Amino acid sequence: MPDNTKSRGPSEKSDFPWWLLVAGMIAVALGIAILISPIYGQVFTTVSQGIWITVWVSLLAFFLASAFGLLLAVMSLSEHVAVRQIARFYVEIVRGIPLLVLLFYIAFVGATAVVWLWNFMTQPLQAAGLLDPLQVRDFSLLWRAIIALMLAYAAFLAEIFRAGIQAVDKGQIEAAKALGLKRFQRFRLIVMPQAIRTILPPYGNDFISMVKDSSLVSVLGVVDVTQMGKVYASGSFRFFETYSVVAYIYLVLTISLSLGLRWLERRLNRR
């Protein structure tokens with residue numbers, strides 16, 4: 001009789017990451033080309049000027065999305081029906097809108113509405129000469145892009161947070177209540193430390209997706225890696241070299257993040 005207790009899948013030690021070895025070889029080859037080739041070197045010098053914007057947009061938008069998503073998750077678990085339905089409405093509606101459409105909507109419709117509302121609320125101050133009227137052009141495209149990414153990803157992160165919170169054993173929460181811990185103390189000391197193990201893998205995947213989706217801000221003219229590549233390629237007609245370097249930069253960012261998250265997951269699972 002075969003031993004059914006053994007795992008049918010490959011063990012972690014025997015499953016050597018050949019894909020990473022091949023990806024590393026390609027990365028080294030392209031890195032050497034960037035160092036020794038004047039063409040690739042010029043492309044990289046130009047395109048890499050947008051790396052800071054890509055990193056900045058990704059980090060700030062994801063931080064804001066995490067805060068808003070956690071709020072939505074807590075609202076969706078509220079005892080009040082109205083609060084739960086408001087959170088549910090936002091999550092379902094926003095998740096059903098393509099990210100590019102939402103980006104355009106926030107940039108060209110939402111920004112106009114915010115400017116109009118601000119001018120309407122501050123009209124007495126403007127009439128007294130204390131404030132100048134706000135123009136749509138004063139609302140930078142960079143911040144429009146960040147807000148759009150934040151609003152979109154908050155809906156997805158809310159579901160991740162909600163699932164992680166609900167995975168915590170209710171008996172432990174009841175025990176914390178019996179010990180006299182307040183709601184925030186239970187959330188901070190009991191719920192989140194346990195929920196983080198469930199949350200971390202999809203949460204990390206969404207951050208990697210955010211880094212890739214940040215390239216969409218180039219449609220608004222934000223000078224990230226993709227926009228710098230687009231401008232250089234349209235002026236030099238070196239599309240192959242330019243977009244090879246753009247892909248190289250994104251792959252270095254995303255694969256490095258992916259490996260770091262896997263390492264962190266293993267550390268958490270050992271505890």
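Start by selecting residues 51–261. Over this span the chain is 81% helix and 0% strand. Its end C-alpha atoms are 21 Å apart. The model you are looking at is predicted. UniProt, in an unreviewed entry, lists residues 51–261 as "domain: ABC transmembrane type-1".

**Stop 1: the annotated spans**

Now move to residues 141–161. Here the span is 100% helix and 0% strand, and the end C-alpha atoms lie 29 Å apart.

**Stop 2: the salt-bridge network**

How many salt bridges does the structure hold? There are five. Select Arg88 and Glu159 and show their side chains. The two meet in a salt bridge, at 3.2 Å from N to O. Arg88 sits in helix H4 (residues 81–95) and Glu159 in helix H7 (residues 141–166). The pair links distant parts of the chain, 71 residues apart.

Is Glu159 buried or exposed? Glu159 is buried, because its relative accessible area is 16%, under the 20% cut-off. Arg88 counts as partly exposed, because its relative accessibility is 27%.

Arg95 is partly exposed, with a relative accessible area of 37%.

Now widen the selection to Arg88, Glu92, Arg95, Glu159 and Arg162. Salt bridges link these residues in a network.

**Stop 3: Arg238 and Glu241**

Which residue does Arg238 pair with in a salt bridge? The partner is Glu241, and the closest N and O atoms are 3.8 Å apart. Compare the two ends of the bridge. Arg238 is partly exposed, because its relative accessible area is 34%. Glu241 is buried, because its relative accessible area is 17%.

**Stop 4: Thr46**

Go to helix H2 (residues 38–47), where Thr46 is found. Thr46 counts as buried, because its relative accessibility is 15%. Show the side chain and look for the backbone oxygen of Gln42. That oxygen lies 3.0 Å from a polar atom of the Thr46 side chain.

What does Thr46 touch, leaving aside residues up to four places away in sequence? Select Met228 and Tyr232: Thr46 touches both.

**Stop 5: a nonpolar surface patch**

Switch to a surface view for the last stop. Select Leu100, Phe104, Tyr105, Phe108, Val109 and Val219. Together they form a nonpolar patch on the surface.

Tyr105 is found in helix H5 (residues 99–121). Tyr105 counts as partly exposed, because its relative accessibility is 48%, and exposed means over 50%.

**Before you close the viewer**

Note on methods. Residues numbered from 1 in each chain as written. Predicted model: local features only at pLDDT ≥ 70, side-chain atom pairs only at ≥ 80, totals over all residues. Heavy atoms only, no water. Patch = residues over 30% accessible without salt bridge, like charges linked within 9 Å, V, L, I, M, F, W, Y side chains within 5 Å. Areas by Shrake-Rupley, 256 points an atom, 1.4 Å probe, with all protein chains shown as cover. Salt bridge = Lys/Arg side-chain N within 4 Å of Asp/Glu carboxyl O. Helix = DSSP H or I, 4+ residues; strand = E, 2+ residues; numbered from the N terminus. Buried < 20%, exposed > 50% of the residue type's maximum accessible area, 1.4 Å probe, protein only. Polar contact = N/O pair within 3.5 Å; in protein donor to acceptor, adjacent residues only side chain to side chain. Contact = heavy atoms within 4.5 Å. UniProt positions renumbered as here; feature names shortened; annotations may be inferred.
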